[in-house]
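Trainee: Before I use the labels attached to a model, I would like to know what each one rests on. Can we go through them one at a time?

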Amino acid sequence: MGKPYSVDLRERVVAAVERGGMSCHGAAAHFGVGISTAINWVRRLRETGSVAPGQMGGHKPKSISGAHRIWLLERTKRDFTLRGLVAELAERGLKVDYRTVWSFVHAEKLSFKKNRGGWRTRPSRRRTAAGTVGQVSKQDRA
């Protein structure tokens with residue numbers, strides 16, 4: 001990410017527009033900045049009284065923290081889906097999206113894996129129960 005323009009340059013551009021009678025387009029061309037940049041600096045001065053840049057970047061605190069984090073760690077001890085957790089957090093008053101919950105679960109190294117081995121031994125609705133892998137003949141496995 002680039003650095004913001006200096007406050008000195010901002011002040012000179014805005015002064016050329018406000019006191020010098022130049023247009024934003026003319027001041028932008030004269031000082032070698034973009035037209036929209038000059039317009040935004042003049043607007044910023046009129047709205048806030050300063051041309052100083054706002055904060056760029058910085059740390060954004062995690063949205064799932066505190067009591068919500070403790071609750072979510074307890075909740076993930078039994079089966080869950082990420083979309084289900086999003087809905088449950090919304091019921092608790094914390095609006096988060098799928099990606100936020102995924103990042104939390106990934107960072108905490110939490111997961112819920114379905115028991116795929118149990119699917120072979122489960123009977124279907126139409127036929128008798130399947131045997132274990134050891135009971136299946138070699139011919140059927142090929």
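What follows is a set of questions about labels and the values behind them.

Mentor: Keep in mind that this is a predicted model.

Trainee: Why is W41 called buried?

Mentor: Buried means under 20% relative accessible area. W41 has 5% relative accessibility, so W41 counts as buried.

Trainee: Which label does K109 get, buried or exposed?

Mentor: The cut-off for exposed is over 50%. K109 has a relative accessible area of 73%, so K109 is exposed. K109 sits in the loop between helix 6 (98-107) and helix 7 (117-121). Its phi is positive, about 55°, although K109 is not a glycine.

Trainee: How many aromatic pairs does a search of the whole structure find?

Mentor: The search finds one aromatic pair.

Trainee: Why is the pair of Y5 and W41 called edge-to-face?

Mentor: To pair, ring centres must lie within 6.5 Å, and planes over 60 degrees apart count as edge-to-face. The ring centres of Y5 and W41 are 5.4 Å apart and their planes are at 85°, so both conditions hold and the pair is edge-to-face.

Trainee: What does this pair tie together?

Mentor: Y5 is in the segment before helix 1, while W41 is in helix 3, so the pair ties together parts 36 residues apart in sequence. With neighbours within four places in sequence left aside, W41 is in contact with Y5, L9, R10, V13, V14, V33 and V51.

Trainee: Which residues have the most contacts inside the largest nonpolar core?

Mentor: They are V13, V33 and W41, in a core of 13 residues. Helix 1 (7-18), helix 2 (24-31) and helix 3 (35-48) each supply at least two residues of this core. Helix 1 gives the largest share, five residues. Another core, of twelve residues, lies apart from it and includes F80, V86, L89 and V101. In soluble globular proteins, nonpolar side chains tend to be buried together.

Trainee: How do helix 2 and helix 3 pack?

Mentor: Helix 2 and helix 3 pack at an angle of about 120°, and their axes are 8 Å apart. Their crossing is right-handed. The contact is made by C24, H25 and A28 of helix 2 with I35, A38, I39 and V42 of helix 3.

Trainee: How many residues of this contact of helix 2 with helix 3 are nonpolar, polar and charged?

Mentor: Six are nonpolar, one is polar and none is charged.

Definitions and conventions: Residues numbered from 1 in each chain as written. Predicted model: local features only at pLDDT ≥ 70, side-chain atom pairs only at ≥ 80, totals over all residues. Heavy atoms only, no water. Core = buried A, V, L, I, M, F, W, Y, C linked by side-chain atoms within 4.5 Å. Buried < 20%, exposed > 50% of the residue type's maximum accessible area, 1.4 Å probe, protein only. Helix = DSSP H or I, 4+ residues; strand = E, 2+ residues; numbered from the N terminus. Contact = heavy atoms within 4.5 Å. Axes fitted to C-alpha atoms, helices over the stretch in contact; angles between N-to-C directions. Left-handed = near helix turned anticlockwise from the far one by under 90°. Nonpolar A, V, L, I, M, F, W, Y, C, P; charged D, E, K, R; others polar. Phe/Tyr/Trp six-rings, centres within 6.5 Å; stacked < 30°, edge-to-face > 60°.
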